[in-house]
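My entries follow the display.

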Amino acid sequence: MEHLSAAHALALAAGAQDEPGLGNLLRVVLIVMVVGCVLVGWLLLRGYRKD
């Protein structure tokens with residue numbers, strides 16, 4: 001396995017940004033999943049609150 005310098009790795013990452021793929025879809029799915037988990041946790045914990 002060949003060692004990549006930091007500058008070369010950054011250049012590869014910048015070039016990969018323009019390529020089509022599932023990056024944006026994965027980002028949206030992860031954000032929705034985190035927001036959904038927080039919402040479900042809030043709803044479940046709200047039921048245990050005693051008024």
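I located Leu25 in helix α2, residues 23-46; helices are DSSP runs of H or I of at least four residues, strands runs of E of at least two, numbered from the N terminus. The model is predicted, with local features needing pLDDT of at least 70, side-chain atom pairs pLDDT 80 or more, and totals for chains, interfaces and linings using all residues. Residues are numbered from 1 along each chain as its sequence is written, and side-chain values use heavy atoms, without hydrogens and water.

I counted 2 helices and 0 strands in the protein chain.

I then looked up burial (under 20% relative accessible area; exposed is over 50%, partly exposed in between, with a 1.4 Å probe and protein chains only). Leu25 counts as exposed because its relative accessibility is 53%. Of the 24 residues of α2, 0 are buried, so the helix lies largely in the open. For the protein chain of 51 residues, I noted 0% buried.
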